[in-house]
Amino acid sequence: MIISFIGAGNMASAIIKSVTSSGRVNACDVYVYDKFEAKSDELAKLGINKCTSLSQACNSADYILLAVKPQDYPSLLESISSVTDNLDKKTFISIAAGISCEYVCSKLGVECPVVRVMPNTPLMIGVGATAISRNSLVSDKTYSKICTLFAASGCVCSLDEELMNKVISVNSSSPVYIYLLAKAMIDKAVEYGISEKNASELVYQTIKGSAEMLIKSKKTPDELISMVASPGGTTLAAISSFNDNNFNDVVSKAMDACTDRAGELSK
């Protein structure tokens, strides 16, 4: 699998390091281009190929991963269409929010295989949760290869493309929900007189342990809640407060707001 990365920011760097260290792709089969050369220089230390032009990057690989901001897509895709040979033979991978497969093809001016990927930032440390979809021109073999590529950095869930804007609120933006919870808990612990260092250690480990319980216990969230919430106990008092303040509604409205914004950004 020979793949070029257009853009060498944090997410692209994380994916490159993950797939090369796992052996899913050989470093010598990875190309990278970024208009800011210093970013590519860092990745070149891994043994990958630094490209000095967009043309070199796009014509060196069969798979082209677009790792730029959504607002940069129009000009980038138009540039790619003017410097790339055999566009319809390339498979494009988009990791930007709101960028549809149809939009990629329209800006390239050709119908070609496009895979749409929505990763999240924990991918940077190998525990990402990635949603993925494709257009009708992507073969099963190619799709399997790309799914395996992202599986090097965590779990991968295949979805219909019509769900890709909605899933942003589920996996891509959602790490922030956890960070907000952690910050609120730590701030309150400090009010109680617990040091920030101790509070942080306890909160972070609790979040990690709770996630592991969800994954490894094979129990549902409701079952795990029941295990902790003894009748008349402290946890039940906390749950009652959450319910009184419409915790589920707060989360639901936040996810709706995220999904609505994704729709506004859609192209």
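Reader: What share of the contacts with a separation of 6 or more comes from residues 24 or more positions apart?
Author: Such residues account for 61% of those contacts in the chain, a contact being heavy atoms within 4.5 Å. This is a predicted model, where local features need pLDDT of at least 70 and side-chain atom pairs count only at pLDDT 80 or more, while totals for chains, interfaces and linings use all residues. Residues are numbered from 1 along each chain as its sequence is written, and side-chain values use heavy atoms, leaving out hydrogens and water.

Reader: How many salt bridges are there?
Author: The count comes to 10, where a salt bridge is a side-chain nitrogen of Lys or Arg within 4 Å of a carboxyl oxygen of Asp or Glu.

Reader: Which residue pairs with Glu-161?
Author: Arg-116 does, with the closest N and O atoms 3.1 Å apart. Glu-161 lies in the loop between strand 8 (154–158) and helix 7 (164–172) and Arg-116 in strand 6 (residues 114–118), so the pair ties together parts that are 45 residues apart in sequence. Helices (H or I, at least four residues) and strands (E, at least two) are DSSP runs, numbered from the N terminus.

Reader: Is Arg-116 buried or exposed?
Author: Arg-116 is buried, at 4% relative accessibility, whereas Glu-161 is partly exposed at 24%. Buried means under 20% relative accessible area, exposed over 50%, and partly exposed in between (1.4 Å probe, protein chains only).

Reader: And what of the chain as a whole; how much is buried?
Author: Of its 267 residues, 36% count as buried.
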